[in-house]
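This report is meant for a reader who is meeting the structure for the first time.

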Amino acid sequence: MKRVTIFMLASLAATTLIATAGAQARGGRKQNEASRARGLFIHKTSDAMSILVLKVADGTLIPVDPSSEFKAGDQIKIQFQSNFEGYIYVVNIAPSGKRRLLVPSPEATDNGVHSDERYDFPLGGNAIQFDEEKGTEVLQVIMSRGRIAYLDAALKEPEQYLSESASSAAAELQGGIAKKVTPVIPEGEGSSKVRSRDIILAPGKDKDTTGSVVAIPDNGSGGKLKAGEIAPFEIRLKHK
Amino acid sequence: MIRILPSKVRLVAAAVLAVSAVAVSVLLVSAPAFQSANKEASISPESRALVRQAIACTGLISARSSIDSSSQGTRPRGSAVVVRSDGVVVTNYHVITNPRTGRSYDEIFLTLSSDGDTGSSSARYRLRPLLINKEYDLALLRVDSDGTGNPIPKAFTFPSIEMGDSRKIRLLEDLFIVGFPEKGGSSITINRGVVEGRDILANWIKTDARVIHGNSGGAAVNSEGRLIGIPTKVVADEQPIDRDGDGFPDDLRRYGAVGFLRPSHLVAEMIAQLNNGNAENQPSPSAPRMAESPTLITVRGMVRSAASGKPIAGALVGLLPLGESNITESNLLTWGSTNAEGAFKLNRPVPPGRYTLKAKALANQAYSSDVEIGPGASLLIIEMLRSSN
């Protein structure tokens with residue numbers, strides 16, 4: 001059974017920003033936003049990342065539009081480049097809702113990122129391959145200034161699935177993993193919460209090696225992640 | 001679903017962030033081990049007195065079927081507890097059921113005594129099944145007459161046990177098993193343990209107190225002497241032993257056992273059904289009413305942004321007993337997370353009722369609300385507010 005995959009980049013904070021190349025043409029506001037995101041990334045006035053989706057085709061890697069369609073058996077890789085010093089986490093949300101931590105992994109626990117360095121996901125000769133399960137896969141990418149303990153704790157879970165056991169689900173719902181409290185752990189009601197930054201997006205296009213850019217807008221309060229802040233966004237992979 | 005596999009590409013870009021495709025072996029997550037409280041710890045004289053009050057309310061069940069040999073008298077089958085002063089008692093369904101026929105015994109008797117000795121000074125009563133819940137292995141019966149068939153005066157008051165709230169018991173609380181275990185002879189036996197665990201959805205209380213044959217249908221009371229459970233089954237940890245190393249087990253070694261109690265709130269619900277219905281007017285003793293077991297409901301729903309209405313992926317949703325705010329693995333009844341469309345399906349079905357719903361998603365404020373889960377209201381819509389910057 002064939003399956004089609006569509007790549008979409010999205011802001012978790014403002015899912016209206018779920019972007020496709022087509023969405024870019026909807027108006028000047030979007031175009032301004034895209035230019036602004038790329039400017040913030042290049043000039044490092046805000047924390048930002050570029051994301052390049054690469055499809056494995058004829059033994060080579062080709063940049064593709066996030067709205068490209070993929071078939072079952074297609075392989076892709078994703079390249080990240082940050083303009084800040086911090087951490088990124090990648091969580092896969094399956095069509096069933098199951099969540100699995102992909103980055104970091106037991107084999108590569110260092111998920112720290114450095115300014116201007118490019119990172120491949122997956123590492124080396126590996127690639128993401130789509131199987132026969134239909135639906136939309138989400139890669140939830142979380143930019144953070146510090147480590148996120150409840151996600152780090154998922155490294156110890158079987159196959160890094162989040163909230164598979166009652167204890168890990170209760171810990172996450174309650175607001176963190178005991179003994180590993182850091183400022184960026186989601187806290188329970190009444191205590192300090194994770195603060196999330198809005199994200200603006202510049203979507204990538206086919207054969208565009210600059211890829212998509214997500215950036216924290218500098219709305220007067222600074223576009224830099226502070227301690228305890230996270231900036232999540234989504235890459236959506238749709239199978240049909 | 002996506003998988004990480006070796007790519008078909010000849011050359012890949014320099015890689016720093018490492019994610020390998022090496023299969024990860026599944027780790028076994030061991031259940032938390034609760035340590036039993038020190039059984040040597042003293043019990044207050046007040047508690048002793050309260051627990052002893054359960055003795056007069058707990059009786060021995062003996063029964064026989066008409067197909068049994070006429071020379072064969074009634075035989076002890078288990079224990080029972082008087083739960084209403086007009087002579088309504090509870091026991092396990094399996095205690096009053098003939099395993100050969102699968103039907104209730106034709107003659108069921110309850111022997112009660114003020115001191116727990118079922119000897120000559122005790123009183124014997126004939127019972128009639130009223131309400132049966134096969135799923136929970138519970139049965140309510142009513143005293144029909146004394147042991148010889150004479151009616152009981154209407155003004156007669158049976159010593160009845162005080163009902164406790166099994167929903168509020170806590171781990172490691174003391175409990176006492178009161179009943180007539182086979183090894184204990186014809187006098188009542190009491191032993192002590194703790195609440196080792198709760199399975200709220202499956203309706204079990206687990207205990208390290210000794211539960212053996214004959215305890216079935218008796219009383220498990222708390223330190224205030226209130227009924228919190230009905231001893232129903234025991235699960236032993238038995239491991240095969242290969243003594244001669246030939247690869248075949250020669251023996252079984254028993255390492256321990258866990259006693260399982262049916263929570264008393266199930267008994268309270270059956271009594272309520274009895275009060276609301278006409279089970280006591282059943283024409284035939286062999287046709288007790290069947291208790292209504294709640295149908296379990298699979299909870300589904302959607303999580304979306306309150307501001308934009310857009311679905312939120314990756315939100316974690318869970319149900320707790322109503323009013324609970326502190327989330328632990330023992331009170332998290334069922335849970336699940338949302339997919340790309342914001343849809344979720346919780347992993348364990350629950351009985352209809354009111355619950356506290358919790359949800360959490362990155363970049364959003366924690367959500368909490370009391371909800372009614374019923375056959376027509378199992379689709380939950382959760383609207384989450386953005387975390388403030």
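## Chain A in outline

Helices and strands are taken here as DSSP runs, a helix having at least four residues and a strand at least two, and they are numbered from the N terminus. The model described is a predicted one. Counted in this way, chain A contains four helices and 15 strands.

Chain A has 240 residues, of which 55% count as buried. When contacts in chain A between residues at least 6 apart in sequence are considered, 75% of them join residues that are at least 24 apart.

## Nonpolar cores

The largest nonpolar core has 87 residues, and those with the most contacts inside it are A48(A), I88(A), Y89(A), V90(A), V303(B), V317(B) and A359(B). Strand β2 of chain A, residues 48-57, gives the most to this core, contributing seven residues. Another core, of 61 residues, lies apart from it and includes L112(B), L130(B), V143(B) and L274(B).

Once its neighbours within four places in sequence are left aside, Y89(A) is in contact with V103(A), N111(A), I142(A), S144(A), I148(A) and L151(A).

## A three-stranded sheet in chain B

In chain B, three strands form an open sheet with mixed pairing, in the order β18-β15-β21. Because β18 (343-345) and β21 (379-384) of chain B stand at the edges with a single partner strand each, one side of each is left without a neighbour in the sheet. On average, and with direction ignored, neighbouring strands of this sheet are turned by 25° against each other.

Strand β15 of chain B, residues 300-305, pairs with β21(B) in the parallel sense over six bridges, and S305(B) stands opposite M384(B) in β21(B).

## Details of the backbone

Most residues other than glycine have a negative phi, and most peptide bonds are trans. In chain A, the peptide bond from V103(A) to P104(A) is cis, with omega near 0°, and P104(A) is found in the loop between β7 (99-103) and β8 (112-113). The peptide bond from F121(A) to P122(A) is also cis, with omega near -5°, and P122(A) lies in the loop between β9 (118-121) and β10 (126-130) of chain A.

K44(A), although not a glycine, has a positive phi of about 60°; its place is in the loop between α2 (28-43) and β2 of chain A. With 14 other C-beta atoms within 10 Å, K44(A) is partly exposed. D137(B), likewise not a glycine, has a positive phi of about 60° and is placed in the loop between β6 (123-133) and β7 (138-146) of chain B. D137(B) counts as buried, having 21 C-beta neighbours inside 10 Å.

Terms used. Residues are numbered from 1 along each chain as its sequence is written. Chains are lettered from A and ligands numbered from 1 in the order in which they are written. This is a predicted model: local features need pLDDT of at least 70, side-chain atom pairs count only at pLDDT 80 or more; totals for chains, interfaces and linings use all residues. Two strands pair if DSSP finds at least two bridges between them. Axes are lines fitted to C-alpha atoms, for helices over the stretch in contact, and angles run from 0 to 180 degrees between N-to-C directions. A residue is buried if 20 or more other C-beta atoms lie within 10 Å of its own, exposed if 12 or fewer, and partly exposed in between; C-beta atoms are placed from the backbone. Two residues are in contact if their C-beta atoms, placed from the backbone, lie within 7 Å. A nonpolar core is a set of buried Ala, Val, Leu, Ile, Met, Phe, Trp, Tyr and Cys residues joined through C-beta atoms within 7 Å.
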